[in-house]
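Thanks for coming. I will walk through one model, strand by strand and then into the core and the pocket. Please have a look at it first.

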Amino acid sequence: MANSLNFGAYDSATGVQLGYARVVTDKATFAWLCAVYIARGSRGKGLGHALVAAACEHLVPYGLRRVLLATADAHAIYAKVGFASLEKPEKWMTLGAQ
């Protein structure tokens, strides 16, 4: 967390944290949106969408060429913010566990 941009979503009445997202970036060309989490009781209310949208909006001034993420089951949520499948996935490679 120390070398990342961290974002939180909080209940305005109680101050209780309801969501968290982290962005790892060089602030020049690339960012990786990761560790997005919404508390179980707060899911389905648009909080995840709002948190991701706020994180992405925060990145705009950097002029990054690419912001990536990986998700097992939340494609529709991220699509609402503008994320799409890789146009040319054959160009990408990974090192380590998949």
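Let me begin at the hairpin: β2 and β3 form it, with 4 residues between them. In that turn, K27 has a positive phi of about 60°. Strands here are DSSP runs of E with at least two residues, helices are runs of H or I with at least four, and both are numbered from the N terminus.

Some housekeeping. This is a predicted model, so to speak: local features need pLDDT of at least 70 and side-chain atom pairs count only at pLDDT 80 or more, while totals for chains, interfaces and linings use all residues. Residues are numbered from 1 along each chain as its sequence is written, and side-chain values use heavy atoms, with hydrogens and water left out.

Back to the strands. β2 and β3 run antiparallel and are joined by 6 bridges; two strands count as paired if DSSP finds at least two bridges between them. Across that pairing, V23 stands opposite L33 in β3. β3 also pairs with β4, residues 66-68, in the parallel sense over 3 bridges. There, W32 stands opposite L68 in β4.

Now the core. A nonpolar core is a set of buried Ala, Val, Leu, Ile, Met, Phe, Trp, Tyr and Cys residues joined through side-chain atoms within 4.5 Å. Buried means under 20% relative accessible area, exposed over 50%, and partly exposed in between, with a 1.4 Å probe and protein chains only. Which residues touch the most other members of the largest core? Of its 16 residues, they are F7, V23, L33, L51, L59 and Y78. β1 (5-10), β2 (17-25), β3 (30-38) and α1 (47-59) each supply at least two residues of this core, and α1 gives the most, with 4 residues.

Take L59 as an example. Leaving aside residues up to four places away in sequence, L59 touches L5, V23, A31, L64 and V67. Contact means heavy atoms within 4.5 Å.

Next, a residue in a loop. S42 lies between β3 and α1. Is S42 buried or exposed? S42 is buried, with a relative accessible area of 11%. Not counting residues up to four places away in sequence, S42 touches L18 and L47.

Last, the lining of the largest pocket. Elements that each supply at least two residues to that lining are β3, α1, β4 and α2 (75-79). That is where I stop.
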